Amino acid sequence: MNGSASRTAAPAEKTRQAGGSGPGTITTGATDVEYLTSLQRRRPFGVWFKDKGWRHLVGCIVTVFAVFPLLYVLSAALNSTGTLVGSNALFSRIDFGNFTALFDMPSRPFARWFGNTMVVGGVTSAATVFLGAMAAYAFSRMRFKGRRIGLLSLLLLQMFPQLLAVVAIFLLLSGISEVIPALGLGSQLGLIMVYLGGALGVNTYLMYGFFNTVPQSLDEAAKIDGASHAQIFFGIIMRLVTPILAVVGLLTFIGISGEFVIASVVLTDPDSQTLAVGLYSFVAQQRSENWGVFAAGAVLSAIPVMALFLFLQRYIVSGLTAGSVKG
């Protein structure tokens, strides 16, 4: 009887693989997978391309479009000819002369610019995250007069770019320099204050939307236990909204690292300048352009941003609010 059953199963399995079906067909999981795979392989190229193939084509085009400028800058940085035209043939010459020259110019202290960027970017990012989180918590959890008008004001202010206020910022800092020199023109602290004023609006509104996704039952349970707003904010809410804090901190740091216009207006001393302003001096003069050194500086300036992104990636991906409340 066992031999008869095995003889019946074998032809049925072959029939299934060939595309047949019937009440006496005996199938297994492996046979179904092989059958579906064979059907996929027999699909015409036109049908596959219409269904999924065009997505692969678009992905390849977008990848090449995004990666080619990075490869070009890296090729120019590793080519000490000093011109971008000589870097048309990617990686035709590889040396580290541009990186050596980048640190051998006393009049253009790249190491100091790098440190200034880290200080300004780090302090501004941390202050933006902290102040924006406190403002977002107040708008999300508290009810007070002028709350709706304040939210609308934050939204409307973002319609006007900070670039429009460059002249006003210059005149304001110029007047402050006469009273408090540490906050006036040429000071990094003054630049940080300007950045904070422009970044708090959009980041507060962004955090406000994320704070609303945290269940208020957590706040109510903590209040029953006698917790204050400060204890709820620092002990509960800040831990649950870590993803949005990481996103805001990362975007703020990226924006400040590449910001040029306001930094060039506020920072007048070469020793206090940031990377964006300092690197521009390598290509600012028409007869003394040094694109190779500029590209080398651009490559090095991208390392902190990439490192910060990799460090914060686990916080961005993880959903810390999931499962915080049962039911």
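Arg141 forms a salt bridge with Asp219, and their closest N and O atoms lie 2.7 Å apart; a salt bridge here is a side-chain nitrogen of Lys or Arg within 4 Å of a carboxyl oxygen of Asp or Glu. By this rule the count comes to one salt bridge. The pair links distant parts of the chain, since Arg141 belongs to helix H5 and Asp219 to helix H9 (residues 217-224), 78 residues apart. Arg141 has 13% relative accessibility and therefore counts as buried, where buried means under 20% relative accessible area, exposed means over 50%, and partly exposed lies in between (1.4 Å probe, protein chains only). Asp219, at 4% relative accessibility, is likewise classed as buried.

The structure is a predicted model, in which local features need pLDDT of at least 70 and side-chain atom pairs count only at pLDDT 80 or more, while totals for chains, interfaces and linings use all residues. Residues are numbered from 1 along each chain as its sequence is written, and side-chain values use heavy atoms, with hydrogens and water left out.

The chain as a whole contains 14 helices and zero strands. Buried residues make up 31% of the 327 residues in the chain. Contact means heavy atoms within 4.5 Å. Among contacts between residues at least 6 apart in sequence, 64% join residues at least 24 apart.

Helix H5 can now be followed to its packing partners. Two packed helices are described by the angle between their axes and the distance between the axes. The axes are lines fitted to C-alpha atoms, for helices over the stretch in contact, and angles run from 0 to 180 degrees between N-to-C directions. For H5 (residues 110-141) and H8 (residues 188-211), the axes come within 7 Å and cross at roughly 40 degrees. The two helices are therefore oblique to each other; angles under 35 degrees count as roughly parallel, over 145 as roughly antiparallel, 65 to 115 as roughly perpendicular, and the rest as oblique. By class, the contact of H5 with H8 has 20 nonpolar, eight polar and one charged residues. In this scheme Ala, Val, Leu, Ile, Met, Phe, Trp, Tyr, Cys and Pro are nonpolar, Asp, Glu, Lys and Arg are charged, and the others, Gly among them, are polar.

Thr124 is found in H5 and, at 0% relative accessibility, counts as buried. Leaving aside neighbours within four places in sequence, Thr124 is in contact with Ile192, Tyr195, Leu196, Thr252 and Ile256.

H5 also packs against helix H10 (residues 229-240), at an angle of about 110 degrees and with the axes 12 Å apart. That makes H5 roughly perpendicular to H10. On the H5 side the contact is made by Phe130, Ala133, Met134, Tyr137 and Arg141, and on the H10 side by His229, Ile232, Phe233, Phe234, Ile237 and Met238.

Gln273 lies in the loop between helix H12 (261-266) and helix H13 (275-280). With a relative accessible area of 13%, Gln273 is buried. Not counting residues up to four places away in sequence, Gln273 touches Trp113, Asn116, Leu267, Thr268 and Gly278.

Terms used:
Helix = DSSP H or I, 4+ residues; strand = E, 2+ residues; numbered from the N terminus.
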